[in-house]
Amino acid sequence: MLLCIHVPAFRLAVARRGIASSDEVIILADKADRGRVLEAGGRAHALGARRGQTVLQACAAAGGARVLVHDASYAHTVWEDMLDELDALSPLVDDAAEGTAYLEMRGCDGTASDWIVRAHTLLTRFDLPVHAAAGPNKFTARAATYVRDGCICTAEEAAPLLAPLPLEVLDLEPPIVERLHLLGVATLGELARLPHGPFVRRFGARAAGWHECARGIDPTPFRPRPYTLQIEAVAFGEGSAAQEEQVYFALRVLAERICGDLSRAGKAAALLRTTFECENGDLRELDAGFAQATADPRVVLDILRAKLEGLIFGAPVTGLKLQALRLQECGTFTTLFSGTQPDPQMLAVAFERLQAVKDIQAQQAHVRPAHLLESRFTMSHPEMGHANVTLSSAPLARVVEGRHSTQLRMLPVREVAVRLRGNTPASVDARSVVNCAGPWRVDDGWFESDRVARDEYDVLLDGGLLWRVYKQGEKWYLRGAYD
Amino acid sequence: MVSAAVADTFASLKAGLDARAAGRIVDSGGKPVSSGFAELDRALAGGFIRGSIATLEGGAGCSGRTAILAAALASATRCGLAAAIHDGTLYPPDLERAGVVLDRLLLVCANSPIASARCADILLRSRVFSLVTLPAVHVRGTVWSRLGALAKKSDALLLTLGQASTELGYFASTRVRCAIDRIFWTEGNGVLRELAGYEICTQVFKHRRSAPGAVARLRIA
């Protein structure tokens with residue numbers, strides 16, 4: 001016996017959960033602007049809004065309809081949570097589609113009525129219109145949910161139960177339904193009475209399946225969903241930790257427990273989520289990513305310590321929870337000559353620790369062509385990749401050609417006093433100019449409002465200073481010094 | 001048999017004397033860190049000592065020490081990772097022109113002496129950077145002692161830039177003084193004239209493993 005859990009118009013039901021009242025005219029669209037209708041609520045459908053219409057068309061049809069935007073990830077999360085809840089009812093759950101699940105109930109305690117009641121109890125908190133029904137196979141069980149919530153159908157009762165149902169239960173394309181209607185077939189009973197051979201010859205091989213379903217036969221196999229491995233360790237109710245060392249000690253214990261579980265499962269975690277519960281009720285979540293997925297307690301602890309540096313809690317920590325996320329198959333790439341190649345995990349720890357230090361910025365530079373000196377490079381935050389880090393440790397693909405070159409140091413821009421002789425600087429900040437090169441005209445952004453037009457000079461001053469100065473408007477500025 | 005042993009002993013003694021004559025007193029264990037200039041490497045008896053603190057000193061402004069730093073970073077990033085703690089004044093396009101592989105260089109901008117020292121501590125502890133550079137900040141001697149021990153432990157070079165304090169001078173294994181001797185300009189006038197480079201005079205005035213006083217003239221162009 002299979003139990004079918006079905007939420008009609010699941011995406012719309014999730015979107016309107018807690019937002020709209022049931023009697024409101026609702027349209028679910030894929031995006032807010034220029035979107036298309038994914039689902040139309042009962043009243044909107046009655047007014048003429050249909051799936052596939054543009055939002056404008058649907059709003060024109062169902063005047064004053066409220067448009068909700070579909071959030072796929074949220075809907076998926078809700079559905080996964082519902083499936084997790086259903087695990088309590090049966091260990092075998094077939095996730096047919098978002099909004100429809102089948103549970104294999106053979107061997108489970110109780111009767112079909114008990115299972116349906118329990119399913120409703122388990123899913124009450126989701127506040128969705130859940131229909132549950134039992135049947136001998138997938139199609140019959142699902143069709144029973146259309147008949148009524150709580151319907152129980154045995155193999156013998158299948159054909160009479162299905163007979164009055166409309167063809168739409170088979171999820172056929174509208175043109176096929178239309179063709180069948182033209183032939184005078186409007187219900188499953190009428191379809192079941194058609195001769196099998198001529199019907200299949202006329203409608204193709206797929207029609208054999210429809211005919212079987214209409215007769216209450218569904219050979220579709222039951223595919224239990226794979227279980228998501230959850231590895232976590234928790235420490236609650238063992239007193240409070242006011243000292244840093246106490247928290248580290250608890251984390252160490254939990255990290256070892258987690259890593260033990262990971263090793264036993266043959267997995268490695270790429271992300272670790274730590275949840276701290278404080279005495280004052282504060283909950284703080286901290287995600288620590290690894291350069292490579294790991295199951296090594298030492299690496300886990302190093303990363304956690306680095307992440308915790310500089311973190312201050314308002315009250316003693318009373319609860320800790322460590323979750324291993326983004327689980328991967330165990331095994332990491334290692335080098336034969338590790339002495340010459342850096343350990344990415346150590347680099348990850350260094351990044352985390354640098355992030356924890358205030359008043360500093362760890363960055364990577366990227367050079368790009370530009371007119372202005374300041375625009376010729378960009379800085380980015382070095383990010384942890386999934387299995388590597390942005391600081392490349394791979395052997396260089398090409399020989400780097402470099403030559404000993406003069407180095408400009410970018411000093412904070414400040415105004416300087418320049419005296420001219422002819423058109424060239426004769427003194428800068430009361431120091432006489434020994435040698436000078438320039439001007440080089442830089443005219444950037446002339447097509448925009450923030451136009452920069454300046455004349456740049458390299459000047460050697462009598463004290464031995466070698467500066468880059470520029471004139472912008474009527475004023476002179478110091479840009480940098482060669483060193 | 002005896003004559004052969006005497007010959008071997010004589011040869012080893014001669015090799016030792018030759019090494020001493022070349023300025024080397026103790027043979028370094030690990031391969032030294034190249035400064036990026038062959039002339040300066042010769043003056044340093046092979047390069048900066050790995051696992052120690054070295055200083056590049058010179059007057060603020062125009063001493064050529066940043067050019068030497070860029071060459072050392074270029075040399076280090078060709079075969080590993082390097083980190084530069086700075087005050088926001090390093091100019092990446094010029095570093096790239098000097099041959100620094102920017103993908104392998106971590107730039108850490110720190111605005112206070114203690115933040116710089118803390119960053120150096122973190123970077124050295126990671127043991128993944130073969131060269132870490134930082135400004136010669138004024139911090140307590142114990143901090144330099146700690147950083148020196150970390151550099152030794154991680155087998156990395158900690159290169160400081162700027163006038164060394166007494167404490168830093170004490171804990172540094174190598175001290176190099178830099179000054180620009182000559183500046184070269186291209187021929188021409190006005191817009192056709194450009195800075196062509198300069199010549200830096202470097203003097204090693206402290207070296208743990210060789211005699212001090214060696215001078216090298218470096219041409220930057």
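**Entry 1: a sheet in chain A**

I looked up the open sheet of chain A with the strand order β5-β6-β1-β7 and found four strands in antiparallel pairing. Strands, like helices, are DSSP runs numbered from the N terminus (E, at least two residues, for strands; H or I, at least four, for helices). I count two strands as paired if DSSP finds at least two bridges between them. In chain A, β5 (93-97) and β7 (131-135) stand at the edges with a single partner strand each, so one side of each has no neighbour in the sheet. On average, neighbouring strands of this sheet are turned by 20° against each other, direction ignored. Angles run from 0 to 180 degrees between N-to-C directions, with axes as lines fitted to C-alpha atoms, for helices over the stretch in contact.

The model is predicted: local features need pLDDT of at least 70, and side-chain atom pairs count only at pLDDT 80 or more, while totals for chains, interfaces and linings use all residues. Residues are numbered from 1 along each chain as its sequence is written, and chains are lettered from A and ligands numbered from 1 in the order in which they are written.

I then followed β5(A) to β6 (residues 100-104) of chain A; four bridges join these antiparallel strands. D95(A) stands opposite A101(A) in β6(A). Helix α5 (residues 112-122) of chain A lies across β1 (2-6) and β7 of chain A, at about 155° to β7(A).

**Entry 2: strand β2 of chain B**

Is β2 (residues 81-86) of chain B enclosed or open? Five of its six residues are buried, so β2(B) is largely enclosed by the rest of the structure. Buried means that 20 or more other C-beta atoms lie within 10 Å of the residue's own; exposed means 12 or fewer, and partly exposed is in between, with C-beta atoms placed from the backbone.

I found that β2(B) pairs in the parallel sense with β4 (residues 129-135) of chain B over four bridges, where A84(B) has T133(B) as its bridge partner. With β3 (residues 105-110) of chain B, β2(B) also pairs in the parallel sense, over five bridges. There the bridge partner of I85(B) is V108(B).

**Entry 3: the nonpolar cores**

A nonpolar core is a set of buried Ala, Val, Leu, Ile, Met, Phe, Trp, Tyr and Cys residues joined through C-beta atoms within 7 Å. The largest one has 134 residues, and V108(B) and L131(B) are among those with the most contacts inside it. Helix α3 (residues 65-77) of chain B gives the most to this core, with nine residues. Apart from it I noted another core, of 61 residues, including L68(A) and M82(A).

**Entry 4: where the chains meet**

I checked contacts between the chains, defined by C-beta atoms, placed from the backbone, within 7 Å. In total, 51 residues of chain A are in contact with 52 residues of chain B. Which element gives the most to the side of chain A that touches chain B? I found β12(A), with eight residues. β12(A) and β3(B) pair in the antiparallel sense over four bridges, and Q363(A) stands opposite L107(B). I also listed residues that V108(B) touches, not counting those up to four places away in sequence: among them are L354(A), I360(A) and A362(A).

Conventions: Contact = placed C-beta atoms within 7 Å.
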